[in-house]
Structure formats: C-alpha cells, structure tokens
Amino acid sequence: SQFEKKFSPKDTLWIIFSGHGTHDAAKGEGYLLPIASDFQSANTSGISNLDFLTHLNGILAGKIILIVDSCFAGALTDAIARDGQRKTKKLNAPFLIGSGGMEPVDNGKGHSPFAEALIHVLQNNKEETLQLTDLVTKLHAYMQKKGVPQDPFGNQLNCCGVDNGASKYYLSLKEEPPGDLEKHPSKMTLSELIETLFEETRCR
C-alpha cells in the first residue's frame with residue numbers, strides 16, 4: 001500500500017491502537033475491533049491479527065513500536081504473519097506493548113487504567129532515555145499498586161522481523177516529537193502527545 005512505502009530503515013514508527021479486541025478460541029484467531037466494528041461479526045468487520053501483522057511486515061521502518069490497549073492483546077504474540085519484506089531485509093522485529101494478555105481489560109471511565117499508567121510513567125520518568133522493557137516493568141508496578149487486575153507485557157514480534165535484541169528499543173525523552181502533524185505541535189512532550197492520541201481515540 002502507499003502507507004507502507006512511506007518509511008525507510010532510518011525511521012521509527014509508532015502505532016497506538018486503543019479500542020476493543022476479541023479472540024475466537026475455535027479458530028485460534030484474534031481480532032482488533034476499530035470504531036463501528038461488531039463483536040458478533042469480528043471476522044468480517046474487524047481486523048484479524050494475521051492480516052494486521054502481515055501489513056506490518058511490509059512496512060520498512062527500521063523500528064516499529066506498537067502499543068495495543070484492548071482485550072486479548074496477547075493474541076498478537078501468537079499470530080504468524082505472512083512472509084514480508086521486514087524479515088527479508090533483516091529489519092528489527094516490532095516491539096509490542098500490550099495492556100493485558102489473553103483476557104478482557106478494563107475500559108475505565110476516562111482513560112483506561114493502562115492509558116492512565118502509561119501517561120503517569122512517562123510524565124514522572126526522570127531519565128533522558130528509557131528502555132521499553134523498563135517501561136513495561138514500570139507499567140506493571142504502577143497497575144499493581146493501583147490494584148488493577150491485568151498484566152501489561154512487552155514482547156518483540158519475531159514473525160515480523162529479526163530479533164536484534166530488545167535493548168535496541170528505547171525512548172529518548174529528551175527529544176521532542178516531530179511537529180508535522182497539524183493537531184500535535186512539536187512543543188508537546190511525549191507523554192502529552194500520547195495522552196492526546198488516547199483521548200482522540202476514546203472520543204471517536
């Protein structure tokens with residue numbers, strides 16, 4: 001697709017999905033359910049994990065960071081993408097941060113508990129860089145402290161690239177995000193940008 005052709009190995013792509021998810025145990029397939037999707041017809045109105053990861057496998061960004069705040073986010077770790085260019089070109093496997101494993105998760109009354117935890121951790125981090133594996137540890141600790149019964153996780157999706165080491169994935173919190181998005185000026189911090197994206201997704 002045209003979207004897939006926009007990126008090069010020098011780029012880092014962030015993908016944030018905040019919505020519903022479901023899992024068909026009989027078929028062994030998970031689905032992401034965007035706005036207007038129907039739980040009863042997830043196989044036709046939703047996006048199967050296989051299709052999603054296959055498209056991901058065609059994006060040539062050097063690093064892809066995927067944040068999924070939905071039920072059954074853990075099903076993405078079991079899906080196998082069709083062959084694509086990321087593996088052929090030995091690009092880094094995407095790093096997935098999920099709000100929970102193979103279980104339903106809480107939507108919350110404003111932000112979801114996971115989104116609240118992510119925003120809190122980023123706002124209160126004092127380091128200039130933060131490994132994504134450490135970010136996941138902080139998310140887990142914050143949610144346990146709040147008594148939230150879900151288990152956020154972080155994994156590389158090796159079906160969509162090569163495991164070159166999770167240590168390659170870190171946040172440089174000293175840098176400001178790019179300002180080429182009209183609604184998100186460059187003076188926003190990373191935590192403010194993510195909070196805005198979660199808010200826009202929740203309101204749709």
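Here is a short tour of this protein chain, one selection at a time. Keep in mind that the model is predicted.

**Start with the whole chain**

Show everything as a cartoon and colour by secondary structure. Of its 204 residues, 44% are buried. Now think about which parts of the sequence touch: among contacts with a separation of 6 or more, 72% are between residues 24 or more positions apart.

**Select the four-stranded sheet**

Next, pick out strands β1, β5, β6 and β8. They make an open sheet in the order β1-β5-β6-β8, and the pairing is mixed. Strands of a sheet pair through backbone hydrogen bonds, either parallel or antiparallel. Which strands sit at the edges? Those are β1 (12-18) and β8 (153-156), each of which pairs on one side only. Going from one strand to the next, the twist averages 15°.

Zoom in on β6, residues 95-98. This strand runs antiparallel to β8, and four bridges join the two. For a landmark, click Phe95: across from it, in β8, stands Gln156.

**Move to helix α4**

Now select residues 113-124. Helix α4 has 12 residues, and the distance from its first C-alpha to its last is 16 Å, close to the 16 Å expected at 1.5 Å a residue. Show the side chains here. Which residues of α4 are buried? The list is Pro113, Phe114, Ala115, Ala117, Leu118, Ile119, Val121 and Leu122.

**Finish with the cysteines**

Last stop: show the cysteine side chains. How many disulfides does a search of the whole structure find? The count is zero. Cys160 is in no disulfide, and the nearest cysteine sulfur, that of Cys159, is 3.6 Å away. Is Cys160 buried or exposed? With a relative accessibility of 0%, Cys160 counts as buried. Then click Cys71, which also counts as buried because its relative accessibility is 16%, and buried means under 20%.

Notes: Residues numbered from 1 in each chain as written. Predicted model: local features only at pLDDT ≥ 70, side-chain atom pairs only at ≥ 80, totals over all residues. Heavy atoms only, no water. Buried < 20%, exposed > 50% of the residue type's maximum accessible area, 1.4 Å probe, protein only. Contact = heavy atoms within 4.5 Å. Pairing = 2+ DSSP bridges. Axes fitted to C-alpha atoms, helices over the stretch in contact; angles between N-to-C directions. Expected span 1.5 Å × (residues − 1). Disulfide = S-S within 2.5 Å.
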